[in-house]
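Colleague: I am new to this structure and would like a friendly tour of it. Could you show it to me, and then let me ask about it piece by piece?

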Amino acid sequence: MENKKKMGLKRINIIKIISYSLLMAGAFSMLTPFIWMLITSMMTQKQIFSYPPEFIPDPLYIKNYPDVVKSIPVATYFFNSTVVAVLTTLGQLIISSMAGYAFARFEFKYREPLFLIFLATTMVPPQVNIVPLFFIMRELYWIDTYQALIVPGLFGGFGIFLMRQWFKTLPVELEDAAKIDGCNPLQTYFRVALPLALPALATLGIFTFILTWNSFMWPLIVTNSDNMRTLPVGLAILKGSFRETTEWGQLMACAVISVIPVIGVFLMGQKYFIKGIMLGGIKE
Amino acid sequence: MDYKKFFASNSWWAVLFILPAFLGVFIFIIIPVFMSFGLGFVKWNLISPPQFIGLKNYIELFSDEIFYKVLWNTFYYAFITAVFSILIPLVLAYALDRKLKGAAFFKAAYFLPYVTPMIVIAIVWTWMFDPNYGILNWLLGIGDSVKWLYDEKFAMPALIIVSIWKNIGYNMIIFLAGLQAIPESVNEACELDGATGFRRFFLVTLPLLTPTLFFVSIMTVISSFQVFDLIFLMTEGGPQNSTMIMVYWLFKQAFEYFNIGKASAIAYVLFVIILLLTLIQWKTRKKWVLNE
């Protein structure tokens, strides 16, 4: 009996060791490109093109960072990306949570079919709409404006679905109490329901922020001046223009700058981000 | 109608709460879907007035050799990506599902690629794939014999490697949720019956995980059909159209050749494919939710 138990323990240890080795190997391949990016961003052109590759920047060449800020308007791109991501996130949160609240709490005609229409819109791949959407932007004279970068991103069935599910799990009693105290539905929503929905808002907010920050195809199509470009588009143009000269150090420096905000937001809200994924149905 | 009563009723409030979302979805999603369908039947270059030409765009599309090449490339890319984006995360999730120390670190590390902008990924991987100075060929010890992005045969596999790398974290989280939903009693029963290791994985865990597996497969295939950034940023469809896939082709037709009709026809072929996959997924969604 003792013996068997010991063997069992041994077996469990072997499984643990195998598991750890697999996970470490995986983590290594996940992180290597990031580390390589960071290292390369601090190397001189000469060291970058050394063969076999060198792994420790010598000298530590931080100048790539100010250099890339000089060669392209990184600050403008960064500002645009921030404005677009923040405003899209705030708008999406308000619009989706209001609609989601109505679907969860109010009784009205055609509630179910209307909700199904919203749900059905999540089936439409954005790429299918890109040509007519571009045309609509042109008719509105929105090409190369913040409106074009922000407004179409405010709407979607997923946020409404997520918020409705959340509000449905909340007890109605608190809201009823507010109603008795003379609050109208709008006041009840803002003062009672919304504060209770913070976890769901965090999930939706983090998702929207990261997806908007990373968005590439749409900003590429609707912007055409440096004043309006977002970081990914500006960086893509830099990558294209460097094809001959290949200033990899500067490119990597700009890549590091572009990735910091998303990694920051992700690490801060990891818990909510993972919750959002579990709810499923989230598309890139 | 009693004005006061109407104002107090929920219907009025419902209109107020839903109107912004509805208007937005109507203008920016529903109208474009129908416009896109209509534009598939016209000849238009965005400048001169559109001209109705019936099914000609579709006929032209289906008799175009490149269309079949693009279709094949897209399916090839989507399915190979999906297979590995399922196998690898499945194994990793199974390894992570034994209350190991450092689980939070692994989750965060695996997730980084998923939240990283594609342009950043493209820059780093383009450099790593570089045949002369890239770290990859050096690590593999194959000199400059494989030219990756510059080689017709290796460009697509290179892109697939990057996609798998990006997908692993997302899929692993879903598998982990599926694994953790398996009741403890099942695992205990396995132990009592002496079903361990591989036997337990294939005979007990995997069957219980089937709904999740199916869900993840279809989601991964759908998102792979929509890939654009990766192609635009790393290969531009080349060399020799070897990485030309549907959304990138659509983009070229629309915004480089201004062939709006043809672009819209491509968009609808893509739409139908994705719609079919989505419908299959929705039919099985109930099973997935039960497993949660």
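Colleague: How many helices and strands does chain A have?
Modeller: This is a predicted model, in which local features need pLDDT of at least 70, side-chain atom pairs count only at pLDDT 80 or more, and totals for chains, interfaces and linings use all residues. Residues are numbered from 1 along each chain as its sequence is written, while chains are lettered from A and ligands numbered from 1 in the order in which they are written. Helices (H or I, at least four residues) and strands (E, at least two) are DSSP runs, numbered from the N terminus. Counted that way, chain A has 15 helices and zero strands.

Colleague: What is the radius of gyration of chain A?
Modeller: The radius of gyration is taken over C-alpha atoms, and the globule rule is 2.2 Å times the number of residues to the power 0.38. For 284 residues that rule gives 19 Å, and chain A is well over this, so it is more spread out than a compact globule: its radius of gyration is 25 Å. Along the principal axes, the C-alpha atoms of chain A fill a box of roughly 80 × 75 × 35 Å. To end on the value you wanted, the radius of gyration is 25 Å.

Colleague: How far apart do the centres of the two domains of chain A lie?
Modeller: The domain bounds come from an automatic or database domain assignment. Chain A is divided into domain 1 (2–40) and domain 2 (64–278). Their C-alpha centres lie apart by 36 Å.

Colleague: What separates the C-alpha atoms of B:N73 and B:I245?
Modeller: B:N73 is found in helix α4 (residues 65–96) of chain B, and B:N73 is buried, with 21 other C-beta atoms within 10 Å. Leaving aside neighbours within four places in sequence, B:N73 is in contact (C-beta atoms, placed from the backbone, within 7 Å) with B:M156, B:T243, B:M244 and B:I245. B:N73 and B:I245 are 172 residues apart along the chain, yet their C-alpha atoms are separated by 5.8 Å.

Colleague: Which exposed residues does α10(A) carry on the face turned away from its buried side?
Modeller: In α10(A), the buried residues are A:P185, A:T188, A:Y189 and A:A193. They cover an arc (that of the directions from the helix axis to the C-beta atoms) of only 95 degrees, which puts them on the same side of α10(A). The face turned away from that side carries the exposed residues A:F190 and A:P195.

Colleague: What percentage of chain B is buried?
Modeller: Chain B has 13 helices and two strands. Of its 292 residues, the buried ones make up 43%.

Definitions and conventions. Buried ≥ 20, exposed ≤ 12 C-beta atoms within 10 Å, placed from the backbone. Contact = placed C-beta atoms within 7 Å.
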